[in-house]
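Me: I want to go through some labels in this model. For each one, tell me what it rests on.

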Amino acid sequence: MNGDQGAFADLVERHWSALVGLARSIVGDSAAEDAVQDALILAWRKLGSLRQATAFSTWLKRIVLNQCLRSQRRWLGFLSISDIQEPVFETDPDAELDLARCLESLAPRQRAVMYLTLIEGQSDGEIAALMQISAASVRSHRRRARQRLSHVLSGANHGS
Amino acid sequence: MDRESNDRFDKSFEQWARRPSATPADEAANRLLRRLSVDSKPRPVARLRFAAVATAMVLGVLATRLLYVGPPASEPAFEDRSLGELAQIVPPPLPEGVALIWIDADTPLYLTVTPPQVSDQLQIPNQPPTSEGEPTP
């Protein structure tokens with residue numbers, strides 16, 4: 001059991017950054033690492049359900065994703081991204097972007113789709129398989145996310 | 001959403017999302033190992049599932065019985081019972097030689113049975129004398 005736990009921990013170490021990035025996009029900075037740790041405990045218990053060792057990365061990511069979405073439902077969908085302290089508009093300091101407000105305007109699934117699209121560069125089919133939804137749903141989430149962001153950013157531009 | 005706004009958001013989001021985690025990966029793995037060692041007790045999932053299934057079956061049987069069979073039939077009122085039923089339901093603590101007959105639901109009749117010695121003294125006509133060994137008619 002200890003050897004298996006060690007091997008599992010090695011795999012976790014390899015995927016830790018990617019998992020935290022995904023969790024962060026859904027539940028925010030302060031809760032991301034705890035959410036991933038809880039999901040990893042769950043994954044350890046469900047290790048017997050993993051059918052293909054080569055699918056470990058996707059399988060693990062799916063558990064983290066579902067755990068984060070479940071936790072968001074319990075928190076009534078509020079995203080605590082207000083803990084973003086440092087500015088993230090280093091490339092264009094004249095165009096301030098309230099990233100926290102942008103992300104808070106999105107639903108958790110929309111944030112997940114945007115992360116998987118922009119940061120991990122996954123295709124609609126890959127995202128659909130991971131989130132266990134249709135590719136059409138993935139495109140719908142992304143389209144609505146862009147619409148919400150446009151609304152938030154246009155409101156910010158008018159206000160400045 | 002215009003292209004410029006799209007690009008601004010995408011760049012900012014990428015910068016934010018690609019920041020390293022607060023906890024290094026090796027430290028996170030060690031923390032996970034500590035939690036796994038604490039959590040290594042086998043969870044009685046199978047027993048809980050069995051108990052849940054058994055409970056569901058019992059509830060299903062009870063619900064089926066109530067829905068399709070109905071509640072147990074209530075006993076009829078005392079005055080609606082037959083005399084035979086009354087005799088069976090209410091066995092009186094009668095002394096020896098006493099019989100109880102119900103005239104109706106409200107009227108019991110107690111009879112005292114005369115012992116054999118008394119009937120001999122009554123001199124019943126045409127009654128053959130009993131001898132030892134023969135059954136009494």
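Reply: Start with accessibility: buried means under 20% relative accessible area, exposed over 50%, and partly exposed in between (1.4 Å probe, protein chains only). This is a predicted model: local features need pLDDT of at least 70, side-chain atom pairs count only at pLDDT 80 or more, and totals for chains, interfaces and linings use all residues. Residues are numbered from 1 along each chain as its sequence is written, chains are lettered from A and ligands numbered from 1 in the order in which they are written, and side-chain values use heavy atoms, without hydrogens and water.

Me: Why is B:Arg19 called partly exposed?

Reply: Its relative accessibility is 22%. That falls between the 20% and 50% limits, so B:Arg19 counts as partly exposed.

Me: What makes A:Arg24 buried?

Reply: A:Arg24 has 3% relative accessibility. The limit is under 20%, so the label holds.

Me: Why is the contact of A:Asp29 and B:Arg19 called a salt bridge?

Reply: A salt bridge needs a side-chain nitrogen of Lys or Arg within 4 Å of a carboxyl oxygen of Asp or Glu. Here N to O is 2.9 Å, so the pair qualifies. A:Asp29 lies in helix H2 (residues 29–45) of chain A, and B:Arg19 in the loop between helix H1 (3–17) and helix H2 (25–38) of chain B, so the pair joins two chains. Helices are DSSP runs (H or I, at least four residues), numbered from the N terminus.

Me: What links A:Arg24, A:Asp29 and B:Arg19?

Reply: A network of salt bridges links them. A:Asp29 also meets A:Arg24 at 2.9 Å, N to O.
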